[in-house]
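Open your viewer and keep the selection tool at hand. We will go stop by stop.

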Amino acid sequence: MIPATFTYQRALSVDEALELAAQAGEDAKFLAGGHSLLPLMKLRLAVPETVVDIGRISELSFIRDEGDYIAIGALTTHSELSQSSLLAEQLPLLAHAAGQVGDPQVRHCGTIGGSVAHADPAADLPAVVLALDATIVARGPSGSREIPASEFFSGLFETALQPGELLTEIRVRKPAGPGWSFQKFTKRAIDWAIVGVVVQGGNVALVNMGSTPLRATGVEAALAGGATAREAAGHAAEGTSPADDLNASRAYREHLARVLVGRGLEEAAARG
Amino acid sequence: MKVNVTVNGSQVEAEVPDRTLLVHFLREQANLTAANVGCDTSSCGACTVLLDGRSVKSCTLLAAQADGREVVTLEGLAGDDGELHGVQQAFRAEHGLQCGFCTPGMVMAAVSLLEENPDPSEAEVRTALEGNICRCTGYHNIVRAVLAAASERRPR
């Protein structure tokens, strides 16, 4: 399988990427690591006329301590996240979760910005970003803007990014809430999560329980009201709309969410 | 577009369609057929090569993404005198292959692992090979081979 015909262009700076995307119009796609986009292009689920390769924009590959927050460049790979000593110390949840994405080869190519912008509800890092109350920084022709993670994911593979706008950075406020956990339930090691759960402090997010990554608001409210982990976990499926597919029925996903939230809260409490 | 990749130390330059995948560039332009097209969906790992020293699945990269960069395939591991790389020797000694289809990818994934983690535990080897599928299910000997290669590399 090879993708349908397209024109390949390479940008070496953010300015150049925005210019190339503006010239190409709405049928352009940014290519970072390509591990979400290229599989879709092979299946003709994405058929861009122009692909703007941003993979070599070195200014977008960094992990920095900015005092009040940790700043992560969009092109930082999952492998770099998982091996970062700064993240291991300040944001171990992100380092750990990035090390659970796909397999080593995928982690050598895939990027946090690509994963978040792609907004697959079954992907790990969008839910992590949501649980961390991160801020998404995007640059477009009219400048830079900050988007709270809670307003970023608008639908299946849809985000608040406008055409021609590029996700450049993800910021996470310090310190992260006490205790964390990342639970991922798969059939085979490299699969997408059938259901995943992210816990940081009192924040709980769900992977693959709807058309976007979701916050488990019922669980969070119960925890805030003093409920035990077990009691709170009983609210895990509230407000969700998981798919019924060949991997799992809706009822099974709801069951998994409750079980995994329970395990996640207990693990987070042990670490907190 | 014109793509120029350093493959196993030699420049390979070719005019190819923009949509050309790296694995096809390697097989059809560089005439190196160790990297296999297995699942074609970045699941099986049979197409694994090293890009700038790190394992990648060449069916999920455009040749254009490797333009100007360095690729090593299984053919590039042995020395000029034909002496096998330590990981290749260990696969032979431990019988880490059956039909052989997954072997080039397994070996390249193992080479990349040992660069990142020279002294892996058995569990770490198994985790590091998650992206490589052996349909003969010969995993035990493959894991033994990687552990043997790691042990052989350690100074005594």
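Two strands count as paired if DSSP finds at least two bridges between them. Keep that cut-off in mind for the first stop. One caution before you click: this is a predicted model.

**Stop 1: a pair of strands.** Select residues 48–51 and 70–72 of chain B. These are strands β3(B) and β5(B), and 2 bridges join them. The two strands run antiparallel. Now pick L50(B). Which residue of β5(B) is its bridge partner? The partner of L50(B) is V72(B).

**Stop 2: the whole sheet.** Show the other strands of this sheet in chain B. There are 5 strands, in the order β2-β1-β5-β3-β4. The sheet is open, and its pairing is mixed. Which strands stand at the edges? Select 10–15 and 54–57 of chain B: they are β2 and β4. Each has a single partner strand, so one side of each is left without a neighbour in the sheet. Look along the sheet next. Neighbouring strands are turned by 40° against each other on average, direction ignored.

**Stop 3: helices on the sheet.** Select residues 22–29 of chain B. This is helix α1(B), and it packs on the sheet. It touches β1, β2, β3 and β5 of chain B. The direction of α1(B) makes about 80° with that of β1(B). Then turn to α4(B), which lies across β3 and β4 of chain B. α4(B) runs at about 35° to β3(B).

Stop 4: Select residues 86–93 of chain B, helix α3(B). Which of its residues are buried? They are V87(B), Q88(B), A90(B) and F91(B). These residues cover an arc of only 160° around the axis, which puts them on the same side of α3(B). Step past the end of the helix to H95(B). Its phi is positive, near 55°.

**Stop 5: where the chains touch.** Show both chains. Here 22 residues of chain A are in contact with 24 residues of chain B. On chain A, select β1 (7–10), α2 (37–42) and α6 (104–109): each supplies at least two residues of the side that touches chain B. α6(A) gives the most, with 5 residues. Colour that side of chain A by residue type. It divides into 12 nonpolar, 8 polar and 2 charged residues.

**Last stop: confidence.** Colour chain B by pLDDT. Its average is 96, and 99% of the residues score at least 70. The model scores ipTM 0.96 and pTM 0.96.

Methods: Residues numbered from 1 in each chain as written. Chains lettered and ligands numbered in written order. Predicted model: local features only at pLDDT ≥ 70, side-chain atom pairs only at ≥ 80, totals over all residues. Buried ≥ 20, exposed ≤ 12 C-beta atoms within 10 Å, placed from the backbone. Helix = DSSP H or I, 4+ residues; strand = E, 2+ residues; numbered from the N terminus. Arc of directions from axis to C-beta. Axes fitted to C-alpha atoms, helices over the stretch in contact; angles between N-to-C directions. Contact = placed C-beta atoms within 7 Å. pLDDT = per-residue confidence, 0-100. Nonpolar A, V, L, I, M, F, W, Y, C, P; charged D, E, K, R; others polar.
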